[in-house]
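This report goes through the packing, strand pairing, aromatic pairs and salt bridges of one model. The sequence and the structure come first.

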Amino acid sequence: MVQALDGLPDWVRDRMENVDVLVEPHPPDGQPGLLGLYEGVPLTHRGRGYFGALPDRITLYRSTLASGVRSEGDLRERVRHTVVHEVAHFFGISDDRLREIDRY
């Protein structure tokens with residue numbers, strides 16, 4: 001996970017204020033295939049009154065990330081892809097838009 005975060009461009013890391021990145025062993029009940037989840041207020045929805053808020057959260061789920069990978073390199077790539085996907089949500093990019101730009 002640290003490598004995936006460190007691999008983000010500087011301008012992305014510089015904007016990631018008030019964001020916690022966590023790793024949980026398993027996804028929430030009812031979402032067995034979930035790799036990661038962004039929870040918070042995307043940058044595109046933060047106004048002048050946004051301050052004093054609890055940190056946004058990006059959670060990665062170890063069991064689903066590791067499921068079916070054949071090598072450590074495959075796992076690193078899956079984690080990197082998931083981190084980039086969830087960070088995109090932090091920047092206000094929807095799943096639909098990620099599909100449109102072939103980044104889902």
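## Strand pairing

Two strands count as paired if DSSP finds at least two bridges between them. The model discussed here is predicted. Strand 1, residues 19–24, is joined to strand 3 by six bridges, and the two run parallel. Within strand 3, the residue opposite E24 is Y61.

Strand 2, residues 36–39, is joined to strand 3 by four bridges, and this pairing is antiparallel. Y38 has I58 of strand 3 as its bridge partner. Strand 3 is largely enclosed by the rest of the structure, because five of its six residues are buried. In a regular strand, side chains alternate between the two faces of the sheet.

## Nonpolar core

In soluble globular proteins, nonpolar side chains tend to be buried together. The largest nonpolar core of this model has 16 residues. Those with the most contacts inside this core are L8, M16, I58, V83, V87 and F90. At least two residues of the core come from each of helix 1 (2–6), strand 3 (56–61) and helix 4 (72–90). Helix 4 gives the most, with four residues.

What does V83 touch, leaving out residues up to four places away in sequence? The residues touched by V83 are A4, L5, L8 and L60.

Helix 4 has 19 residues. From first C-alpha to last, helix 4 reaches 27 Å, close to the 27 Å expected at 1.5 Å a residue. Its buried residues are V79, T82, V83, H85, E86, V87, A88, H89 and F90. After helix 4 comes G92, which has a positive phi near 90°.

V69 is placed in the loop between helix 3 (62–66) and helix 4. Its relative accessibility is 26%, so V69 counts as partly exposed; the partly exposed class runs between the 20% limit for buried and the 50% limit for exposed. Apart from neighbours within four places in sequence, V69 is in contact with D74, L75 and R78. V69 and D20 are 49 residues apart along the chain, and 26 Å separates their C-alpha atoms.

## Aromatic pairs

A pair of aromatic rings is described by the distance of the centres and the angle of the planes. Three aromatic pairs are found in a search of the whole structure. In one of them, the ring centres of W11 and F91 are 5.8 Å apart and the planes are at 65°, so this pair is edge-to-face; the cut-off for that class is over 60 degrees. The pair links distant parts of the chain: W11 is in helix 2 (residues 10–15), while F91, 80 residues away, is in the loop between helix 4 and helix 5 (95–100).

Are W11 and F91 buried or exposed? W11 is exposed, with a relative accessible area of 56%, whereas F91 is buried, with 18%. F91 also forms an edge-to-face pair with F90, with 5.3 Å from centre to centre and 85° between the planes. Both F90 and F91 are buried. One aromatic cluster is formed by W11, Y38, F90 and F91.

## Salt bridges

The count comes to seven salt bridges, where a side-chain nitrogen of Lys or Arg must lie within 4 Å of a carboxyl oxygen of Asp or Glu. One of the seven ties together parts that are 18 residues apart in sequence, because R57 lies in strand 3 and E39 in strand 2. The closest N and O atoms of R57 and E39 are 3.3 Å apart. R57 is partly exposed, with a relative accessible area of 37%, and E39 is also partly exposed, at 33%.

Another salt bridge joins the side chains of R13 and D10, at 2.6 Å from N to O. R13 and D10 are three residues apart in helix 2, so about one helical turn separates them. R13 is partly exposed at 34% relative accessibility.

In helix 5, R97 and E100 are likewise three residues apart, about one turn of the helix. They form a salt bridge whose closest N and O atoms are 3.0 Å apart. R97 is partly exposed, with a relative accessible area of 42%, while E100 is exposed, with 60%. An α-helix has 3.6 residues a turn, so residues three or four places apart point the same way.

Terms used. Residues are numbered from 1 along each chain as its sequence is written. This is a predicted model: local features need pLDDT of at least 70, side-chain atom pairs count only at pLDDT 80 or more; totals for chains, interfaces and linings use all residues. Side-chain values use heavy atoms; hydrogens and water are left out. A nonpolar core is a set of buried Ala, Val, Leu, Ile, Met, Phe, Trp, Tyr and Cys residues joined through side-chain atoms within 4.5 Å. Buried means under 20% relative accessible area, exposed over 50%, partly exposed in between (1.4 Å probe, protein chains only). Contact means heavy atoms within 4.5 Å. Rings of Phe, Tyr and Trp (its six-membered ring) pair if their centres lie within 6.5 Å; planes under 30 degrees apart count as stacked, over 60 as edge-to-face and the rest as tilted. The expected span of a helix is 1.5 Å times one less than its number of residues.
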